[in-house]
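Dear colleague,

Please find below the structure that I am handing over to you.

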Amino acid sequence: MRSKTLFICLVLASVLIVGIIVAVISTDLLRKGVNMNEQETNVSWVIASEDELLGEYEKSDRAFKKSISNRTITYVHRRKIDGVMVTRDRITYVFDKNTKELIRKDAQWRDDLPEHLPLVIPKEQAESIAGGGSATLYFLSNDSHVYPIKPAPKNPCWVVWKTIKTENGIPYYNITIVDAVEGKILGYGVPPP
């Protein structure tokens with residue numbers, strides 16, 4: 001009986017040691033930039049006009065996220081107005097990695113928004129108007145499935161997420177959209193399933 005217990009303890013200790021070694025090696029590989037799925041991905045930030053490839057197509061000083069994979073080089077700029085995200089507004093360029101040929105350019109850009117962020121109510125006030133929760137400031141898009149306010153407001157909005165627990169302990173979310181300039185509730189979002 002004693003030898004069985006000792007054997008089981010040795011097996012468990014061996015499994016634990018192997019697990020720790022695998023975790024350390026995986027963490028080290030990730031720090032060195034090795035992708036475990038063998039898809040080479042290199043991500044950096046570039047200014048459009050300063051990047052040799054993107055600068056041929058985009059003459060702005062916008063910052064783009066540059067991602068290099070096995071087959072493509074992708075540049076994505078997500079629009080912000082004075083640091084506030086404009087949902088779904090973006091510019092994307094996709095190039096063939098080998099030929100440097102432009103494969104696709106996509107742009108979605110609202111032209112009815114202010115150039116600068118107007119004066120907005122404080123985050124805490126928006127959370128209070130919504131009955132609690134945590135607020136994030138956005139300019140909403142016309143085609144959002146999560147924030148379906150039609151037409152999309154020109155003012156920025158506080159999107160307030162509140163977690164509500166049901167009797168069985170499964171949480172669901174209440175999403176309230178508050179006009180950040182006027183301080184009134186515009187509607188409600190569609191939480192994830």
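Tyr173 is partly exposed in this predicted model, with a relative accessible area of 30%. Its partner in an aromatic pair is Trp161: the ring centres are 5.5 Å apart and the planes stand at 65°, so the pair counts as edge-to-face. Trp161 belongs to strand E7 (residues 157-165) and Tyr173 to strand E8 (residues 171-179), so the contact ties together parts of the chain that are 12 residues apart in sequence. Trp161 is partly exposed as well, at a relative accessible area of 29%.

The number of aromatic pairs in the model comes to seven. Another of these joins Tyr75 and Phe95, whose ring centres lie 5.8 Å apart with planes at 90°, so this pair too is edge-to-face. Tyr75 sits in strand E3 (residues 72-81) and Phe95 in strand E4 (residues 84-96), so the pair links parts that are 20 residues apart in sequence. Tyr75 and Phe95 are both buried. The two residues also belong to one aromatic cluster, formed by Tyr57, Phe64, Tyr75, Tyr93 and Phe95.

As to the overall fold, the secondary structure consists of two helices and nine strands. Along the sequence these elements follow the pattern α-β-β-β-β-β-α-β-β-β-β. The chain has 193 residues, of which 30% count as buried.

Turning to the interior, nonpolar side chains in soluble globular proteins tend to be buried together. In this model the largest nonpolar core has 14 residues, and those that touch the most other members are Phe139, Trp158, Val160 and Val178. At least two residues of this core come from each of E4, strand E6 (134-139) and E7. The element that gives the most to the core is E6, with three residues.

Charged side chains also make defined contacts, and the count of salt bridges comes to seven. One of them joins Lys66 and Asp51, with the closest N and O atoms 3.4 Å apart. This pair links distant parts of the chain, 15 residues apart: Lys66 is in strand E2 (residues 63-68), while Asp51 is in the loop between strand E1 (42-47) and E2. Are the two partners buried or exposed? Buried means under 20% relative accessible area. Lys66 has 16% relative accessibility and therefore counts as buried.

A second salt bridge, between Asp106 and Arg104, has its closest N and O atoms 2.6 Å apart. Asp106 is partly exposed at a relative accessible area of 34%, and Arg104 counts as partly exposed at 41% relative accessibility. A further salt bridge brings together the side chains of Lys184 and Glu182, at 3.2 Å from N to O. Lys184 is partly exposed, with a relative accessible area of 45%.

Which element gives the most to the lining of the largest pocket? That element is E3, with five residues. By class, the lining of the largest pocket comprises four nonpolar, three polar and three charged residues.

Finally, a remark on Arg88, which is placed in strand E4. At 36% relative accessibility, Arg88 counts as partly exposed. The C-alpha atoms of Arg88 and Trp109 are separated by 8.2 Å, and the two residues are 21 residues apart along the chain.

With kind regards

Key. Residues are numbered from 1 along each chain as its sequence is written. This is a predicted model: local features need pLDDT of at least 70, side-chain atom pairs count only at pLDDT 80 or more; totals for chains, interfaces and linings use all residues. Side-chain values use heavy atoms; hydrogens and water are left out. A salt bridge is a side-chain nitrogen of Lys or Arg within 4 Å of a carboxyl oxygen of Asp or Glu. Helices (H or I, at least four residues) and strands (E, at least two) are DSSP runs, numbered from the N terminus. Buried means under 20% relative accessible area, exposed over 50%, partly exposed in between (1.4 Å probe, protein chains only). Rings of Phe, Tyr and Trp (its six-membered ring) pair if their centres lie within 6.5 Å; planes under 30 degrees apart count as stacked, over 60 as edge-to-face and the rest as tilted. Ala, Val, Leu, Ile, Met, Phe, Trp, Tyr, Cys and Pro count as nonpolar, Asp, Glu, Lys and Arg as charged, and the others, Gly among them, as polar. A nonpolar core is a set of buried Ala, Val, Leu, Ile, Met, Phe, Trp, Tyr and Cys residues joined through side-chain atoms within 4.5 Å.
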